[in-house]
Amino acid sequence: MTSDPLAALFADPIGSQAPVLKDLRLRGVYLDAAGTGYVDLAPVEQREVRASVWEELIALYAMVNTLSQNFEEIRQVRFLVDGREVQTLAGHIELSRKFTKRMDLVRQ
(Lines give C-alpha, C1' and ligand atoms only; values in the text may rest on other atoms or scores of the structure.)
Protein backbone atom coordinates (compact mmCIF):
# COMPACT_ATOMS: atom_id res chain seq x y z
CA MET A 1 0.00 0.00 0.00
CA THR A 2 1.37 3.42 -0.85
CA SER A 3 1.59 5.74 2.14
CA ASP A 4 2.21 9.06 0.39
CA PRO A 5 0.03 11.17 2.75
CA LEU A 6 1.68 9.62 5.80
CA ALA A 7 5.15 9.93 4.28
CA ALA A 8 4.35 13.61 3.68
CA LEU A 9 3.57 14.01 7.38
CA PHE A 10 7.07 12.76 8.24
CA ALA A 11 8.69 14.84 5.48
CA ASP A 12 6.95 18.10 6.41
CA PRO A 13 9.54 20.49 7.93
CA ILE A 14 7.24 21.37 10.83
CA GLY A 15 5.85 17.87 11.41
CA SER A 16 9.21 16.17 11.17
CA GLN A 17 10.55 18.35 13.99
CA ALA A 18 7.57 17.68 16.24
CA PRO A 19 8.25 15.64 19.38
CA VAL A 20 7.82 11.92 18.71
CA LEU A 21 7.87 12.22 14.90
CA LYS A 22 11.39 13.67 14.88
CA ASP A 23 12.59 10.55 16.70
CA LEU A 24 10.90 8.12 14.29
CA ARG A 25 11.01 7.16 10.66
CA LEU A 26 8.29 5.43 8.66
CA ARG A 27 9.22 1.89 7.62
CA GLY A 28 5.93 1.04 5.93
CA VAL A 29 2.15 0.94 6.03
CA TYR A 30 0.20 -2.28 5.55
CA LEU A 31 -3.51 -3.06 5.27
CA ASP A 32 -5.20 -6.31 6.26
CA ALA A 33 -8.50 -7.71 4.95
CA ALA A 34 -10.41 -6.42 8.00
CA GLY A 35 -9.53 -2.78 7.22
CA THR A 36 -6.79 -2.42 9.80
CA GLY A 37 -3.88 -0.30 8.69
CA TYR A 38 -0.53 -1.14 10.30
CA VAL A 39 1.97 1.68 10.65
CA ASP A 40 5.48 0.28 11.03
CA LEU A 41 7.87 2.78 12.60
CA ALA A 42 11.53 2.70 13.55
CA PRO A 43 13.43 4.91 15.97
CA VAL A 44 15.99 7.23 14.40
CA GLU A 45 19.50 6.35 15.55
CA GLN A 46 18.11 3.74 18.00
CA ARG A 47 17.48 6.36 20.66
CA GLU A 48 14.56 6.53 23.06
CA VAL A 49 11.51 8.50 21.95
CA ARG A 50 10.89 11.36 24.38
CA ALA A 51 7.64 13.30 24.52
CA SER A 52 4.88 14.40 26.84
CA VAL A 53 1.55 12.56 27.00
CA TRP A 54 -0.05 15.25 24.83
CA GLU A 55 2.76 15.18 22.25
CA GLU A 56 2.56 11.38 21.99
CA LEU A 57 -1.24 11.49 21.67
CA ILE A 58 -1.15 14.15 18.95
CA ALA A 59 1.57 12.32 16.98
CA LEU A 60 -0.37 9.04 17.06
CA TYR A 61 -3.62 10.66 15.98
CA ALA A 62 -1.88 12.72 13.29
CA MET A 63 -0.96 9.38 11.71
CA VAL A 64 -4.35 7.75 12.38
CA ASN A 65 -6.33 10.71 11.04
CA THR A 66 -4.08 11.11 8.00
CA LEU A 67 -4.55 7.48 7.00
CA SER A 68 -8.28 7.39 7.80
CA GLN A 69 -8.98 10.58 5.86
CA ASN A 70 -6.97 9.55 2.78
CA PHE A 71 -7.75 5.84 2.49
CA GLU A 72 -11.43 4.93 2.91
CA GLU A 73 -10.53 1.23 3.24
CA ILE A 74 -8.68 1.94 6.52
CA ARG A 75 -11.14 1.66 9.41
CA GLN A 76 -8.63 1.49 12.27
CA VAL A 77 -4.86 1.68 12.78
CA ARG A 78 -2.35 -0.37 14.77
CA PHE A 79 1.26 0.63 15.43
CA LEU A 80 4.39 -1.48 15.13
CA VAL A 81 8.02 -0.63 15.83
CA ASP A 82 10.57 -2.50 13.75
CA GLY A 83 7.81 -4.86 12.65
CA ARG A 84 6.77 -5.83 16.18
CA GLU A 85 3.96 -4.88 18.53
CA VAL A 86 5.14 -2.60 21.33
CA GLN A 87 3.58 -1.27 24.53
CA THR A 88 4.12 2.43 23.78
CA LEU A 89 6.18 4.91 21.75
CA ALA A 90 7.16 7.39 24.46
CA GLY A 91 5.91 5.70 27.60
CA HIS A 92 2.41 7.16 27.88
CA ILE A 93 -0.14 5.83 25.36
CA GLU A 94 -0.92 2.09 25.31
CA LEU A 95 -0.50 0.75 21.77
CA SER A 96 -2.00 -2.72 22.23
CA ARG A 97 -5.34 -1.54 20.83
CA LYS A 98 -6.66 -0.36 17.48
CA PHE A 99 -6.99 3.39 16.99
CA THR A 100 -9.83 5.04 15.08
CA LYS A 101 -10.10 8.54 13.67
CA ARG A 102 -10.46 11.38 16.22
CA MET A 103 -11.14 14.61 14.44
CA ASP A 104 -11.88 16.36 17.75
CA LEU A 105 -8.11 16.67 18.16
CA VAL A 106 -7.79 18.70 14.96
CA ARG A 107 -8.14 22.45 15.01
CA GLN A 108 -11.07 23.31 12.74
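1. Ser 68 is buried, since its relative accessible area is 12% and the cut-off for burial is under 20%. This residue belongs to helix α2, which covers residues 53-70. When residues up to four places away in sequence are set aside, Ser 68 touches Ile 74 and Lys 101. The model is a predicted one, and the points below should be read with that in mind.

2. On the overall fold, the chain contains 2 helices and 4 strands, and along the sequence these elements follow the pattern α-β-β-α-β-β. The 4 strands make up an open sheet with mixed pairing, in which the order is β1-β2-β3-β4. Its edge strands are β1 and β4 (84-85), each of which pairs on one side only. Strands of a sheet pair through backbone hydrogen bonds, and they may do so in a parallel or an antiparallel sense.

3. Strand β1 (residues 24-31) is paired with β2 in the antiparallel sense, over 7 bridges. Within this pairing, Val 29 stands opposite Val 39 in β2, while the bridge partner of Leu 31 is Gly 37, also in β2. The hairpin formed by β1 and β2 has 4 residues between the strands, and there Gly 35 takes a positive phi near 90°.

4. Strand β2 is joined to strand β3 (residues 76-81) by 6 bridges, and these two strands run parallel. Tyr 38 stands opposite Arg 78 in β3.

5. For the chain taken as a whole, 43% of its 108 residues count as buried. Among contacts with a separation of 6 or more, residues 24 or more positions apart account for 62%. The accessible surface of the chain comes to about 6200 Å², and carbon and sulfur atoms hold 49% of that area.

How values were computed:
Residues numbered from 1 in each chain as written. Predicted model: local features only at pLDDT ≥ 70, side-chain atom pairs only at ≥ 80, totals over all residues. Heavy atoms only, no water. Buried < 20%, exposed > 50% of the residue type's maximum accessible area, 1.4 Å probe, protein only. Contact = heavy atoms within 4.5 Å. Pairing = 2+ DSSP bridges. Areas by Shrake-Rupley, 256 points an atom, 1.4 Å probe, with all protein chains shown as cover.
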